[in-house]
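These are my notebook entries on one protein model. I set down what I looked up, entry by entry.

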Amino acid sequence: MATLSEPNGRMQVSRSESPAIIRVVFVGGLDPKTVTAGIPASGADPNNFTFLVENKGQYPQNVVPGTIPVANGSQAQFRFQDGPFPVNEYTVTLVGTEGQPAPVKRPTIRSTGDSPLDGEPTQLPSGDGTPGGNFVFTFSVN
C-alpha cells in the first residue's frame, strides 16, 4: 500500500485500504528469531521487542500490540493484533543498538552472522557500514 522511499521518510496509508501489516525487507542474512513483538496486555514485555511499533496515548505503554507472523532470512512482518490500524500516527523502530530506545536494555535484531542490524537511516537500504543503529520510520493512517 505504501513504500518507504527515503531514509527518515514517512508514509501515509488510507484507512479504506485496511492496513494491518508492516513488512520490512532486509539485505543480508536475517536471524528471524531476533525479530520480536508482542501483546503487552497479555503479559509480553515491550522492553524485549526488537520490532517496536508505537503510538502515543492509544495503547498501554504506547506500544501497539501485534505479532511477527513471518520472519525469515530476508524479511519480517508485523501484524496488528486488532485488524486494520486505526486512523493515527505510528513510529516503527527496528532495534539495532542494544539498550535503545532508552532507558531499557533492549535486545537487537541480528544477522545470521550474529551482528546487530546496521540500521542508521542514512540511505536505503539503511546503514553506515558498521553494525548497530536503529532504523526508525513513521507512517500515518488517514
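**Entry 1: the largest pocket**

I looked up which strand gives the most to the lining of the largest pocket, and it is β2, with five residues. I note at the outset that the model is predicted. The volume of the largest pocket is about 1000 Å³. Its lining comprises 36 residues, and those closest to the pocket centre are Leu 4, Arg 23, Val 24, Val 25 and Phe 137. Three strands, β1 (10–13), β2 (21–25) and β7 (135–141), each supply at least two lining residues. I then sorted the lining by class and found 25 nonpolar, eight polar and three charged residues.

**Entry 2: strand pairing around β5**

I next turned to the partners of β5. Strand β2 pairs with β5 in the antiparallel sense, over five bridges.

The bridge partner of Ala 71 in β5 is Ala 76. I recorded that β4 and β5 form a hairpin, with three residues between them.

Is β5 mostly covered or mostly open? I found that strand β5 (residues 75–80) is mostly covered, as five of its six residues are buried.

**Entry 3: salt bridges**

How many salt bridges does the structure hold? I counted four, and I describe some of them here.

Arg 10 forms a salt bridge with Glu 89, and their closest N and O atoms are 2.9 Å apart. Arg 10 belongs to strand β1 and Glu 89 to strand β6 (residues 88–94), so this pair ties together parts that lie 79 residues apart in sequence. With a relative accessible area of 45%, Arg 10 is partly exposed.

Lys 33 forms a salt bridge with Asp 31, with 3.3 Å between the closest N and O atoms. I compared the two ends: Lys 33 is exposed, because its relative accessible area is 67% and the cut-off is over 50%. Asp 31 is buried, because its value of 14% falls under 20%.

Asp 114 forms a salt bridge with Arg 110, the closest N and O atoms lying 2.9 Å apart. Asp 114 is partly exposed, at 48% relative accessible area. Arg 110 also counts as partly exposed, at 24%.

Definitions and conventions: Residues are numbered from 1 along each chain as its sequence is written. This is a predicted model: local features need pLDDT of at least 70, side-chain atom pairs count only at pLDDT 80 or more; totals for chains, interfaces and linings use all residues. Side-chain values use heavy atoms; hydrogens and water are left out. On a 1 Å grid over the protein atoms alone, a cavity is a set of points where a 1.4 Å probe fits but cannot get out, and a pocket is an open set with protein on both sides within 12 Å along at least five of seven lines; lining residues have an atom within 4 Å of a point. Grid points are joined across faces, edges and corners, and a volume is the space filled by probe spheres set on the points. Helices (H or I, at least four residues) and strands (E, at least two) are DSSP runs, numbered from the N terminus. Ala, Val, Leu, Ile, Met, Phe, Trp, Tyr, Cys and Pro count as nonpolar, Asp, Glu, Lys and Arg as charged, and the others, Gly among them, as polar. A salt bridge is a side-chain nitrogen of Lys or Arg within 4 Å of a carboxyl oxygen of Asp or Glu. Buried means under 20% relative accessible area, exposed over 50%, partly exposed in between (1.4 Å probe, protein chains only). Two strands pair if DSSP finds at least two bridges between them.
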